[in-house]
Amino acid sequence: MTDRKHGKGFRILSVLGGIAALIALMLYMAGMFTPNQIGPGKIPGTDQGPGPQHTVQAVRETVPEFYEAVGTVRPRQETRVESQVQGRIVKVMVRAGDVVKEGDRLVVLDSREFQARLDRARQALLSAKARKSQAEQAVNAARAAFHRAESAYKRVRTYFKAEAATQQQLEEAEAAFRQAKAGLQQAEEGLREGNAGVKQAEKVVEESGIALGYKEIDAPAAGEVAKRLVEPGDMAFPGKPLVILQTRGALRLEALLPESLIKRVAVGDSLRVRIDALGQTVSGKLTELVPAADPVTRSFLVKVDIPSIKGLYPGMFGRLMVPVGTASVIWLPRNAVREVGQLEMVAAKIGDQWKTIYVTTGRTEGNRVEILSGLNGDETVDVTEKTE
């Protein structure tokens, strides 16, 4: 019986010893036995000893708040260069990224078919002019015959009245006159047809010459080649884009704005645009607001013209900053905030003592950072450079 009691007591002591060892290990890992290490119980307000060499005052400001509407940088003007005629492409003079001036050659089509068409049209024009010349000669001859027949008819009619000519002679003269008149009318109709034929042939020559001119496709305006859509050997058709040009240096941000904010902006407003890839914010002018919401996203498309900056290209991501109100913000220099793991802290003067204050930071602007929690905005903060 005694041995059983002793065994039970030994087991209890073993369990208690294990628990004590576990607690000691947890306290050690928490830093309770390591000098100068923050451990449990050392919450904001730890005494920091003597004052620092360099300090600043926390600043509280009232700043505007913005809604960030995401968008895409696009050229203000984009031109789809197309061919006016059908033809096979023999040369493409540009590639994507090339800068061109107005009138620079972009694409060249095979001109042989256009040249053959023009040659045929010119030959047809010569034939039409020859027919017109023959018709003019026929008219001149018919007109002369008509005048002779007319004079003879009048003379015979006068003789007939004076009984110096017979009825048969009068009828023969009248028949000759009528025949000459019909011949003149027929010749004049042939001349009209000849004139129409010449005009039609001249029109075909003109159109063939224009088509031949379309074999060389030039830049309609200065810009940058955004896309090259064809290669030599491809066929060009009216309506099929060959090259896409975009205005160089003239860009805008196209963004979707929720319908709840559409009343906060208007055409002509000056708005800020943030380009994350460049780390820059520029001022732009709202030039277009599409007056119809997308039924799926319930948002409106807005377009803001922005200035050209180095490194900014179409297709890049941007943020349109739409003001929605104001907020009170506390600012500190970035070097005032120290990081220990995932903790952020500052050394601030509380009363007559310097203490460690845990803080939460937000956005940054230049060399200063927003303090979301931990400070009231009237503290003196240490910015002395720390040495390891």
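Four strands form an open sheet with antiparallel pairing, in the order E4-E11-E9-E6. The model that shows this is predicted. Strand E4 covers residues 78-82 and strand E6 covers residues 99-100. These two stand at the edges, each with a single partner strand, so one side of each has no neighbour in the sheet.

Strand E9 spans residues 223-228, and strand E11 spans residues 241-246. The two pair in the antiparallel sense over four bridges.

Now look for empty space. Rolling a probe the size of a water molecule over the atoms shows where such space is left. The structure holds one cavity of 30 Å³ or more. About 50 Å³ of space lies in the largest cavity. Which residues line the largest cavity? They are Gln77, Thr79, Pro220, Ala221, Ala222, Gly223, Leu245, Gln246 and Thr247. Thr79 of the lining falls in strand E4, residues 78-82. Gly223 falls in strand E9, residues 223-228. Leu245 and Gln246 fall in strand E11, residues 241-246.

Strand E7, residues 105-109, pairs with E8 in the antiparallel sense over three bridges. Here arginine 105 stands opposite aspartate 218 in E8.

Turn next to strand E16, residues 317-333. What does E16 pair with over 14 bridges? The partner is strand E3, residues 59-75, and the pairing is antiparallel. Within this pair, proline 64 stands opposite threonine 326 in E16.

Strand E13, residues 270-275, pairs with E16 in the antiparallel sense over three bridges. Arginine 272 has methionine 321 as its bridge partner in E16. Strand E21, residues 368-373, is joined to E16 by four bridges, and these two strands run antiparallel. The bridge partner of leucine 332 in E21 is valine 369.

How values were computed: Residues are numbered from 1 along each chain as its sequence is written. This is a predicted model: local features need pLDDT of at least 70, side-chain atom pairs count only at pLDDT 80 or more; totals for chains, interfaces and linings use all residues. Side-chain values use heavy atoms; hydrogens and water are left out. Two strands pair if DSSP finds at least two bridges between them. On a 1 Å grid over the protein atoms alone, a cavity is a set of points where a 1.4 Å probe fits but cannot get out, and a pocket is an open set with protein on both sides within 12 Å along at least five of seven lines; lining residues have an atom within 4 Å of a point. Grid points are joined across faces, edges and corners, and a volume is the space filled by probe spheres set on the points.
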